[in-house]
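Here is a friendly walk through one model, meant to be read with the viewer open. Please keep the sequence at hand as well.

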Amino acid sequence: MAELDTLDIIVLAAILLGTVAYFTKGKLWGVAKDPYASSLAAASGAKAGKTRNILEKMEESGKNCIIFYGSQTGTAEDYASRLAKEGKSRYGLETMVADLEDYDYDNLDAIPEDKVVMFVLATYGEGEPTDNAVDFYEFINGDSPQFTLDNEPALGNLNYVAFGLGNNTYEHYNIMVRNVDKALQKLGAHRIGQAGEGDDGAGTMEEDFLAWKDPMWKALAEKMGLEEREAVYEPVFGIVERDTLTAESPEVYLGEPNKTHLDGTPKGPFNAHNPYIAPIAESYELFNVKDRNCLHMEVDISASNLSYQTGDHLAVWPTNPGEEVDRFLNVLGLTEKRKDVISVKALEPTAKVPFPTPTTFDAIVRYHMEICAPVSRQFLATLAPFAPDEASKAEMTKLGGDKDYFHDKINVHHLNIGRVLEIVGKGQKWSNVPFSAFIEGITKLQPRYYSISSSSLEQPKKISITCVVEEQKLPGREDPFRGVSTNYLLALKQKQNGDPNPSPYGLTYEITGPRNKYDGIHVPVHVRHSNFKLPSDPLKPVIMVGPGTGVAPFRGFVRERRKMVENGQTVGKTILFFGCRKSTEDFLYSKEWEEAKQVMGDSFEIVTAFSRESNKKVYVQHRLKERSKEINELLEKKAYFYVCGDAANMAREVHNVLGQIISEERGVPEAKAEDIVKNMRASNQYQEDVWS
């Protein structure tokens, strides 16, 4: 057989490569890009083709102002977007919004003095950075962060602005922005204006933000030589009608979060960018009273790669109720066009469309917009020029500019954007408002987080949550303000338990999901890991204080220790302080505590406080004080102390009582006792999982 020479081999190789290329086009290469097809890669930090060099990004896109956000629930991201729009429209800044996890930080020292960096940073839980800000926080607060240049000081060229989102009911109020501000100044950076702080605990977050930003803009304008101009709305997104597509077209998103869900082949990792559509194994009512609902719900994660640890949180991705979707579309004059297909395009290179397209108006409003949230004063001001008549325009302008008037007319009633437009326009359609203004001005519909009430030791492939269905009666409002997610879960529970057309309190939901993909019954979820954990040593005593649904993680803790005992292990004293209104109405998991006592014996005890069974109201903090001697003895044995539930009242009272117990039992001044409690917090001996 003749030998092949070098030229023959080259020719054959070229033919082979050409053949492979031909048959793999559209599969391995030349694939049409879908911006939401990369959701999974984005979730794991691998964004092919996207630079992580922020200076490079700013230069290639011609930006001189970048707004970084650290956000857990979307509010910080919303504020960052609002700053970007205002900076461009009022001062002509070339702004961009950036997720902190999308970029590296070692070249912050190379950002020149004629550019500005803004940080909008939420504090999560007990003084922790938000998930997307962990790497940045650890970098900037490191002992000696390594930058690209040899500047002295390292960040002497950096001009920055800072605003924090916090909750004063937590021990470490706004610690993220405070620590980042401190670290930046230590490295020589120059802050422009004051570091702002918003307080969700006092309910003043929005007004705190508005009060901070105006003097900040004035200081920034002076520093950078900017001239204010009349703000004119400039859309960030363009809306393109897709006449050749219908809602039945397979490439149209009807609420699916990304391409794999659209194709019907969702795969992990399942996380904040990519939910798992989990089957609900069971759901039932926990209250024995007609006018209040509390749900126990179990979701099955066995067919996913999801895992959890006892004490983690389950994130539920809700949908908006049909009534509010209809209201919103109607007031914009879009009812007849709700199923029309549109594409949403970013009109500037650094903007990100917050949901996949092509899609429909109905899908955007139902699955992607936080249309039920209380509306912001600033957003109303931006809509005033598009009002249907002069009277409506004047009213919107007044609402946007007068803090007290806005509070009395809108804020106290928790009115959402659809209701405000109905009232102000007196039933007229707001068809002049560009739909892009709503995409930009309304926060993306966010997952809701629930403390997991099961034990991963006992049931690793099934997650339970415990939630009260939220209803708030407000003065001057005919119907109660109802929680979006909890009423959605109630509808799912009703459907699973035999109601073919569930409508909790008159609300209806698309519980079968886009293209009926959630039927059966399913709910989109992901797991968020938490530091709220039992001690690694099972012999350590634990004291748990959890009234109402604050008992949720402690059900998981008790079931964990109960399972340990069943497995032959010895556990330390496990004492639970639980409170509710009446033992006959809302005593959650009462039979389970009896069963736990039978298994665990003296190592488990539940102490109850029923606030409405006597003339004098008794709460968990009172029961805690009654057991002062025992509590102190357990703490001296290095017991772990846990609190879960209402931050503003219960958690604060419990904190105060604990200080009193230590002061009185150990004979030390209250200031010394407070220091002991602070040290317990610092060492994770005192942990909270609380909400405002």
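Phe237 stands opposite Ala346, a residue of strand β12. This pairing can be viewed in a predicted model, where β8 and β12 (residues 341–346) run antiparallel and are joined by five bridges.

Stepping back, the strands belong to an open sheet of three, ordered β8-β12-β13 and paired in antiparallel fashion. Its edges are β8 (237–241) and β13 (359–360), each of which pairs on one side only.

## Backbone details in the loops

Now for some backbone geometry worth checking in your viewer. Thr357 and Pro358 are joined by a cis peptide bond, with omega about 5 degrees. Pro358 sits in the loop that runs between β12 and β13.

A cis peptide bond also leads from Gly268 to Pro269, with omega near 5 degrees. Here the proline, Pro269, is in the loop between α8 and β9 (276–285). Then there is His414, which is not a glycine and yet has a positive phi of about 55 degrees. The loop that holds His414 lies between α13 (403–409) and α14.

## Helices α9 and α14

How do the axes of α9 and α14 cross? Helix α9 (residues 322–331) and helix α14 (residues 417–425) have axes that come within 9 Å and cross at roughly 45 degrees. That angle is why α9 counts as oblique to α14. The crossing of α9 and α14 is left-handed.

On the α9 side, the residues involved are Glu324, Arg327, Phe328 and Val331, and they meet Ile417, Gly418, Arg419, Leu421 and Glu422 of α14. Sorted by class, the contact of α9 with α14 has four nonpolar residues, one polar and four charged.

## Helices α17 and α18

From α17, the contact draws on Arg555, Val558, Arg559, Arg561, Arg562, Val565 and Glu566, while α18 supplies Glu592, Trp593, Glu595, Ala596, Val599 and Met600. By class, the residues of the contact of α17 with α18 comprise six nonpolar, no polar and seven charged.

## Helices α20 and α21

What is the angle between α20 and α21? Helix α20 (residues 628–636) packs against helix α21 (residues 647–666) at about 90 degrees, with the two axes 9 Å apart. The pair is therefore classed as roughly perpendicular, α20 to α21.

Ser628, Lys629, Ile631, Asn632, Leu635 and Glu636 of α20 make this contact with Leu658, Ile661, Ile662, Glu665 and Arg666 of α21. The contact of α20 with α21 has five nonpolar residues, two polar and four charged.

## Salt bridges

Side chains of opposite charge can pair when their charged atoms come close. How many salt bridges does a search of the whole structure find? The search gives 48 salt bridges.

Lys259 and Asp263 are four residues apart in helix α8 (residues 259–263), so about one helical turn separates them.

Notes
Residues are numbered from 1 along each chain as its sequence is written. This is a predicted model: local features need pLDDT of at least 70, side-chain atom pairs count only at pLDDT 80 or more; totals for chains, interfaces and linings use all residues. Side-chain values use heavy atoms; hydrogens and water are left out. Axes are lines fitted to C-alpha atoms, for helices over the stretch in contact, and angles run from 0 to 180 degrees between N-to-C directions. Helices (H or I, at least four residues) and strands (E, at least two) are DSSP runs, numbered from the N terminus. Angles under 35 degrees count as roughly parallel, over 145 as roughly antiparallel, 65 to 115 as roughly perpendicular and the rest as oblique. A crossing is left-handed if the near helix is turned anticlockwise from the far one by less than a right angle, and right-handed if clockwise. Contact means heavy atoms within 4.5 Å. Ala, Val, Leu, Ile, Met, Phe, Trp, Tyr, Cys and Pro count as nonpolar, Asp, Glu, Lys and Arg as charged, and the others, Gly among them, as polar. Two strands pair if DSSP finds at least two bridges between them. A salt bridge is a side-chain nitrogen of Lys or Arg within 4 Å of a carboxyl oxygen of Asp or Glu.
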